[in-house]
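This briefing sets out selected features of the structure shown below, grouped by topic for reference.

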Amino acid sequence: MPRHLIALGGAALLFGASTIALQAQMVEPTAVPPPPTFAAQGKITFVGRDDIEEFKALPAYHEPDWVTKNFVDTGKLPPVAERLPKEPLVFKTGDMPDGVGQYGGTLRHVIGGRPQGWNWIAGQVQGWGGVSYAMWECLTRTGPLFHVKADELEPLPNLARSWEWSDDGHQLTMHLIEGAKWSDGAPFNADDVMFFWEDNVLDPNVAPQGGATPEAFGEGTTLKKIDDYTVLWTFKDAFPKQYLYAMAFGSFCPGPAHIMKPQHPKYSDNTYDQYVNAFPPDMLNFPTMGAWVPVAYRPDDIIVTRRNPYYWKVDEQGNQLPYFDEVQYKLSTWADRDVQAVAGSGDWSNLEQAESYVEALKRSADPKAPARLEFGPRIIGYSLDFNMSDEGWGNPDERGEAVRELNRNLDFRKAVTYGLDRQRLGDSLVKGPFTAIYPGGIYIGTSFGDADSTVYYPHSVETAKAYLEKAGLKDTDGDGFVNYPADVMGGKNVEITLMANTDYATDHNLGEAVVAMMGEIGLRVIPDFADGNRWNNLWRGGEYDWTVRRGDKELITVVQQTYQLAPVGPLTSPWHKAGSSGKLDLLPFEQELVDIVNKFINSSDNAERAQLMKDYQKIFTTNVYEAGLTNYPGALIINKRIRNVSSGTPILAFQWAEDSAIRERMYVPEDLQQNYELYPQTLPGEPGGDGPVK
Ligand code: BQZ
Ligand code: CA
């Protein structure tokens, strides 16, 4: 037998041998192991959608006495009835756990973010932790839906007080609240809605926060003004009710056009950068439709907000909301938020960093503890994201391009997921029944989650190495790390940077664990961690190879931020956006996921929607679209003096708890109110003025 054939035979044999050896040590995917039993503590009382709120005029309205005495009687403000819309939003007492509240008191938040400025609709963050929720009201509201009966689930009216579909379902007429005003007294109307849509969402030079891209409302969708209080949506598909969720927080929350439009490049000599930065955090009294207005800001110290005298919501006794006169946001760390909440020097925390669980549980177990801690379902999840864009998103250099090619290679992603020891990942955060093995995708135990549709590649270093080889990566220079083939990057070692948000210990710790585990399979991963705002900018701009990412609402509810589940538009998927061409180069399985998500959006058949999400989960986890890291429950910590927070309020579902708890109707009984106010008996002053006024 000619030698080369022998060689071939040999090689084939060898290859055969190595493939067989490879085959031998290849661990097959399995079903996902059941999670440790962990019962959510809070008991949710489900109500009908119409049991929460309505819009109607009431015979009389009221406000805090000091507002009447110091502002109305002195002519600084018109009477409350004139400050309210014709038919305010009325919260029904029946849905308020502790009933009609009492004015006064201060809500003390502690947050880990830092405000970039007030311009949410042009992409700035306000520091998270509830600041944005308090300032930015949206067309619809979804936070409170966590306690609405499943068969009545539909976003609640908010700035859009009612809507009706045309018979063919392609048009949606939306009626805005009539006669409502911004916190500076200027009228709110369709011009604010149209400025947001036309000059921010549709303007390719503006990237609003909250995922507000045109495709989030359906490709080819249009919106036009009919009159001051009516706008008309037109959709390509019929009855896409799904988009009502995208009209809630964070993606359709209009800004004060009377203040912002004059700064927009279309109506001024400003550049787009100047427009984004036109409303810095020290521009006080920035007008909002929210319950409170920022009146003081000290960098790295505090943001103080005071009640909005024109707030357009009341309780059934006609008391203008909110009940809290002041809401403070101490600028600290997320870990400190937990510490201060259990210690009683802060009033609220979404316990979400597993590293803090044991201490928080111990501290709040004491009956005399100042706060109550209530665990919810397993809805905090972390994944490893692969930047899947080969269309230039984030302007990668040659090195970055080479990594993106690997990220788009299934054998490579399989190698990575086989290299992850999820039991060890979970245990490295917290021992006990909290963390579950999480392969990725929709969380099991949620409405659309499905264990049988979830493919799990169990930890196996051998199999991981085999898949690296299958992806063409071998350690050709014997330094323990695999190399590119000779014709890629000069056959150098593969080097991948891993991003993580250092505002969270959990993100940091998981990032370090991933680096170590990849080293164990011979893949060189270099940590490139960043603080929250930098991480947010790099993540939104696609300037990363890999990142640790905390899962968001779409992995819990599917119906909220559905557009993030697949690249249904050039800018909707968190890890696969288009470059400047606006064109997407989707892999076949990605196209399948896009088709499934679009079918889901346009289907009103619950059985079909459930099946579509099972198909989604199967394709997502088979293809390791994200590599799940861990999944565990969160807990809400609230100071015991605070009332009207429903039992079972999850820290994250359709929205974060800062929205789900309906912040504007929370209160502290007068006899429990403490002297925490920094600016007692003041209201917001002129926009851009130097603070609150007496
Ligand atoms: C909750 C939330 C309220 C954003 C943010 C932050 C950003 C993400 C996410 C959470 C913080 C708190 O989460 O961790 O408990 O208070 O603010 O908005 O992680 O970096 O971009 O999606 O909501
Ligand atoms: Ca090497």
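## Briefing on the predicted model

The structure is a predicted model.

**Packing of helix 18 and helix 19**

- The axes of helix 18 (588-602) and helix 19 (residues 606-622) come within 10 Å and cross at roughly 160 degrees.
- Helix 18 and helix 19 are therefore roughly antiparallel to each other, an angle over 145 degrees being the criterion for that description.
- The crossing of helix 18 and helix 19 is left-handed.
- On the side of helix 18, the contact is made by Phe-589, Glu-592, Leu-593, Ile-596, Val-597, Lys-599 and Phe-600; helix 19 supplies Arg-609, Leu-612, Met-613, Asp-615, Tyr-616, Ile-619 and Phe-620.

**Packing of helix 12 and helix 14**

- Helix 12 (residues 410-418) packs against helix 14 (residues 461-470) at an angle of about 165 degrees, and their axes are 8 Å apart.
- That angle makes helix 12 roughly antiparallel to helix 14.
- Helix 12 and helix 14 cross in a left-handed manner.
- The residues of helix 12 that meet helix 14 are Asp-411, Phe-412, Lys-414, Ala-415 and Tyr-418, and their counterparts in helix 14 are Thr-463, Ala-464, Tyr-467, Leu-468 and Lys-470.

**Packing of helix 13 and helix 15**

- An angle of about 145 degrees describes the packing of helix 13 (residues 422-429) and helix 15 (residues 505-520), whose axes are 10 Å apart.
- The crossing in which helix 13 passes helix 15 is right-handed.
- Arg-424, Leu-425 and Leu-429 of helix 13 meet Thr-506, Asn-509, Leu-510, Ala-513, Met-517 and Glu-520 of helix 15.

**Backbone geometry**

- Most residues other than glycine have a negative phi, and most peptide bonds are trans.
- The peptide bond joining Leu-321 and Pro-322 is cis, with omega about 5 degrees.
- Pro-322 belongs to the loop between strand 13 (313-315) and strand 14 (326-331).
- Asn-395, a residue other than glycine, has a positive phi near 50 degrees.
- The loop holding Asn-395 runs between strand 17 (380-386) and helix 11 (398-407), and Asn-395 is exposed because its relative accessibility is 70%.
- Gln-561 is not a glycine, yet its phi is positive, at about 60 degrees.
- Gln-561 is placed in the loop between helix 17 and helix 18; its relative accessible area is 9%, so Gln-561 is buried.

**Loop between helix 17 and helix 18: Ser-573**

- Ser-573 is located in the loop between helix 17 (554-557) and helix 18 (588-602).
- With a relative accessible area of 1%, Ser-573 is buried.
- Residues up to four places away in sequence aside, Ser-573 touches Tyr-563, Gln-564, Ala-566 and Pro-567.

**Loop between strand 13 and strand 14: Asn-319**

- Asn-319 lies in the loop between strand 13 and strand 14.
- The relative accessible area of Asn-319 is 11%, so this residue is buried.
- Apart from neighbours within four places in sequence, Asn-319 contacts His-62, Val-100, Tyr-103, Lys-313 and Val-314.
- Asn-319 and Val-80 are 239 residues apart along the chain, and their C-alpha atoms are separated by 9.6 Å.

**Helix 8: Asp-273**

- Asp-273 is part of helix 8 (residues 272-276).
- A relative accessible area of 56% places Asp-273 among exposed residues.

Terms used. Residues are numbered from 1 along each chain as its sequence is written. Chains are lettered from A and ligands numbered from 1 in the order in which they are written. This is a predicted model: local features need pLDDT of at least 70, side-chain atom pairs count only at pLDDT 80 or more; totals for chains, interfaces and linings use all residues. Side-chain values use heavy atoms; hydrogens and water are left out. Helices (H or I, at least four residues) and strands (E, at least two) are DSSP runs, numbered from the N terminus. Buried means under 20% relative accessible area, exposed over 50%, partly exposed in between (1.4 Å probe, protein chains only). Contact means heavy atoms within 4.5 Å. Axes are lines fitted to C-alpha atoms, for helices over the stretch in contact, and angles run from 0 to 180 degrees between N-to-C directions. Angles under 35 degrees count as roughly parallel, over 145 as roughly antiparallel, 65 to 115 as roughly perpendicular and the rest as oblique. A crossing is left-handed if the near helix is turned anticlockwise from the far one by less than a right angle, and right-handed if clockwise.
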